[in-house]
Amino acid sequence: VGSLSPCDFFLMRLSCYVMLVVGQNQRVNLNYLFLRALKTRYYHLPGAEPLYRRLREDLIKNIAAQYQRTGKLWENYNGTSGEGRGTAPFTGWTSLILLIMAEIY
């Protein structure tokens, strides 16, 4: 999940770091928080379970694919292509993928 909606007025109007990193890229820490909320607070609502499962599976698959391709964990991932971006190797918030895989929220 990117930090800004693709429809957000500011997505393509922000400069440098904010536009390229925050606006268009998937950040594992934000996805972790989103998954935690879906699993622990909203799982009973219609549509929450499939959304949770798809986001979790897509995130795991993408990070694994980028690791296999580059041999590195990345700071963030392109919201469209999934390509690793930013600092690498990066084991900061990207290491949250282990908690996501174990469903520890």
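Which residues does Arg56 touch, not counting residues up to four places away in sequence? Leu35, Ile100, Met101, Glu103 and Tyr105, where contact means heavy atoms within 4.5 Å. Some notes around that spot follow.

1. Ground rules. This is a predicted model, in which local features need pLDDT of at least 70 and side-chain atom pairs count only at pLDDT 80 or more, while totals for chains, interfaces and linings use all residues. Residues are numbered from 1 along each chain as its sequence is written, and side-chain values use heavy atoms, with hydrogens and water left out.

2. The overall layout. The protein has four helices and three strands, in the order α-β-α-α-β-β-α. Helices here are DSSP runs of H or I with at least four residues, and strands are runs of E with at least two, both numbered from the N terminus. Of the 105 residues, 30% are buried; that word means under 20% relative accessible area, with exposed being over 50% and partly exposed in between (1.4 Å probe, protein chains only). Taking contacts between residues at least 6 apart in sequence, 47% join residues at least 24 apart.

3. Back to Arg56. This arginine is found in helix α3. Arg56 is buried yet has no salt bridge, and the nearest side chain of opposite charge is Glu103, 4.0 Å away. For the charges, Lys and Arg count as positive and Asp and Glu as negative, with His and the chain ends not counted. A salt bridge needs a side-chain nitrogen of Lys or Arg within 4 Å of a carboxyl oxygen of Asp or Glu.

4. Where Glu103 does pair. Its partner is Lys39, in a salt bridge of 3.8 Å, N to O. The two belong to distant parts of the chain, 64 residues apart: Glu103 is in the segment after α4 (96-102) and Lys39 in helix α2 (residues 28-40). Glu103 is partly exposed at a relative accessible area of 31%, and Lys39 is partly exposed too, at 28%. Lys39 also has its charged end over the ring of Tyr43, 4.4 Å from the ring centre. The rule for that asks for NZ of Lys or CZ of Arg within 6 Å of the ring centre and within 35 degrees of the ring normal.

5. The other salt bridges. The count comes to three. Arg53 and Glu49 meet at 3.5 Å, N to O, and being four residues apart in helix α3 (residues 48-70), they are separated by about one helical turn. Arg53 is partly exposed at 34%, and Glu49 is partly exposed at 37%. Arg54 and Asp58 also meet at 3.5 Å, N to O, again four residues apart in helix α3 and about one helical turn from each other. Here Arg54 is exposed, at 60% relative accessibility, whereas Asp58 is partly exposed at 38%. An α-helix has 3.6 residues a turn, so residues three or four places apart point the same way.

6. Helix α3 itself. Its 23 residues should span 33 Å at 1.5 Å a residue, and the end C-alpha atoms are 33 Å apart, which agrees. The expected span is 1.5 Å times one less than the number of residues. Its buried residues are Ala48, Tyr52, Leu55, Arg56, Leu59, Ile60, Asn62, Ile63 and Gln66. Just after α3, Gly71 takes a positive phi of about 75°.

7. The tyrosines. A search of the whole structure finds four aromatic pairs. Rings of Phe, Tyr and Trp (its six-membered ring) pair if their centres lie within 6.5 Å, with planes under 30 degrees apart called stacked, over 60 edge-to-face and the rest tilted. Tyr32 and Tyr105 have ring centres 5.5 Å apart and planes at 45°, so this pair is tilted. Tyr32 lies in helix α2 and Tyr105 in the segment after α4, so the pair ties together parts that are 73 residues apart in sequence. Tyr32 is buried at 10%, while Tyr105 is partly exposed at 22%. Tyr105 also pairs with Tyr52, edge-to-face, at 6.1 Å centre to centre and 75° between the planes. Since Tyr52 lies in helix α3, that pair ties together parts 53 residues apart in sequence. Tyr52 is buried, with a relative accessible area of 0%. Ring pairs link Tyr32, Tyr43, Tyr52 and Tyr105 into a cluster.
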